[in-house]
Amino acid sequence: MKVNQHIIPRGESPKLHIKQVARRLFAERGLQSVTVREIALAADQKNQGVVAYYFGTKDVLVREILTDGAEKIEVRRAKFLDELEAGGGPHTVEEAVAAIVIPSARFAEEDAQCGRYFNRFLYQISTTNSELVDKTLEGRWNQGYQRCLSHLRRLLVDINEAEQNRRFLFLNTYAGGLLAQRDLMMADTNKEHPMWRSEALLEDIVRCGAALLEAPRPGDS
């Protein structure tokens, strides 16, 4: 198959270009609403079999996009945690929540190749097919996240495991949704959106996420 390459950005492989286009479409519309034909057309590929040529199936394409981003976030999160742990931390729930939120936010800001649209893509897939996320990342690309949860369990010792698990689910939905919205605002070239670009916003996301986990229960004094 001859791949039409003239529209692909200079120095970028056709396969990478297709993944970037697919990530944007999945982020904007969800997995089920996007066909491989639409991906090929959006990537300016005349041959509509280009996705099958490079990836075999749509599911493989989705998993590659997910793994690409998760691998890079994992590196950032491990470094963030290493620095906290070197000082005996995380010392607070807020610090542990920061280790979840900040690496994902920085990846979206700083990695033009894989980070753009990724948090929106991840939120879409997490809310519609969390099993696929778990199966793809389990045991390899979510170790940093599991380290964060271990610290949170230690810091939330007064809350039983079942309630901890519920609150971790709440945190994932809360933080994932806000990071996805932040990606959307930062991708808007028509407005500056200073609030969404500010450090104060990230600090508030972390602070409120910690408050969600530490919310008092009935009977707490």
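Predicted model: local features only at pLDDT ≥ 70, side-chain atom pairs only at ≥ 80, totals over all residues.
Trainee: Take lysine 19, then. Where does it lie?

Mentor: Lysine 19 has its place in helix α1, which covers residues 14-29.

Trainee: How do I decide whether lysine 19 is buried or exposed?

Mentor: The general idea is a cut-off: buried means under 20% relative accessible area, and exposed means over 50%. Lysine 19 has a relative accessible area of 10%, so it is buried.

Trainee: Which residues does lysine 19 touch?

Mentor: Leaving aside residues up to four places away in sequence, lysine 19 touches Phe55, Leu61, Glu64, Ile65 and Asp68.

Trainee: What does the partly exposed class look like?

Mentor: This class lies between the two cut-offs. Arginine 153, found in helix α8, has 28% relative accessibility and therefore counts as partly exposed. Not counting residues up to four places away in sequence, arginine 153 touches Glu161, Gln164, Asn165 and Phe168. Compare that with a separation along the chain: arginine 153 and glycine 139 are 14 residues apart, and their C-alpha atoms are separated by 19 Å.

Trainee: Now a whole helix. What span should helix α11 have, and what is the distance between its end C-alpha atoms?

Mentor: The general idea is to multiply 1.5 Å by one less than the number of residues. Helix α11 has 16 residues, 199-214, so it should span 22 Å. Its end C-alpha atoms are 23 Å apart, which agrees.

Trainee: Which residues of α11 are buried, and what covers them?

Mentor: The buried residues in α11 are Leu201, Leu202, Ile205, Val206, Gly209, Ala210 and Leu213. Their cover includes α5 (93-110), α8 (143-155), α9 (161-186) and α10 (194-197).

Trainee: Let us turn to charged side chains. How many salt bridges are there?

Mentor: The rule looks for a side-chain nitrogen of Lys or Arg within 4 Å of a carboxyl oxygen of Asp or Glu. By this rule the count is 16 salt bridges.

Trainee: Which pair in helix α1 shows one about one turn apart?

Mentor: Arginine 24 and glutamate 28 both lie in α1, four residues apart, which is about one turn of the helix. Their side chains meet in a salt bridge with an N to O distance of 3.4 Å. As for accessibility, arginine 24 is at 24% and so counts as partly exposed. Glutamate 28, at 39%, also counts as partly exposed.

Trainee: What is the case of arginine 106 and glutamate 109?

Mentor: Arginine 106 forms a salt bridge with glutamate 109, and the closest N and O atoms are 3.1 Å apart. The two are three residues apart in helix α5, so about one helical turn separates them. Arginine 106, at 19% relative accessibility, counts as buried, whereas glutamate 109 is partly exposed at 32%.

Trainee: How do the lining residues of the largest pocket divide?

Mentor: They divide into 16 nonpolar, 11 polar and four charged.

Trainee: What is the volume of the second largest pocket, and which residues lie nearest its centre?

Mentor: Its volume is about 170 Å³. The lining has 13 residues, with Ala108, Glu109, Arg116, Met186 and Ala187 nearest the centre. Helices α5 and α9 each supply at least two residues of this lining. The lining of the second largest pocket divides into six nonpolar, one polar and six charged residues.

Key: Residues numbered from 1 in each chain as written. Heavy atoms only, no water. Buried < 20%, exposed > 50% of the residue type's maximum accessible area, 1.4 Å probe, protein only. Contact = heavy atoms within 4.5 Å. Nonpolar A, V, L, I, M, F, W, Y, C, P; charged D, E, K, R; others polar. 1 Å grid on protein atoms, 1.4 Å probe; cavity = no way out; pocket = protein on both sides within 12 Å on 5 of 7 lines; lining within 4 Å. Points joined across faces, edges and corners; volume = space filled by probe spheres on them.
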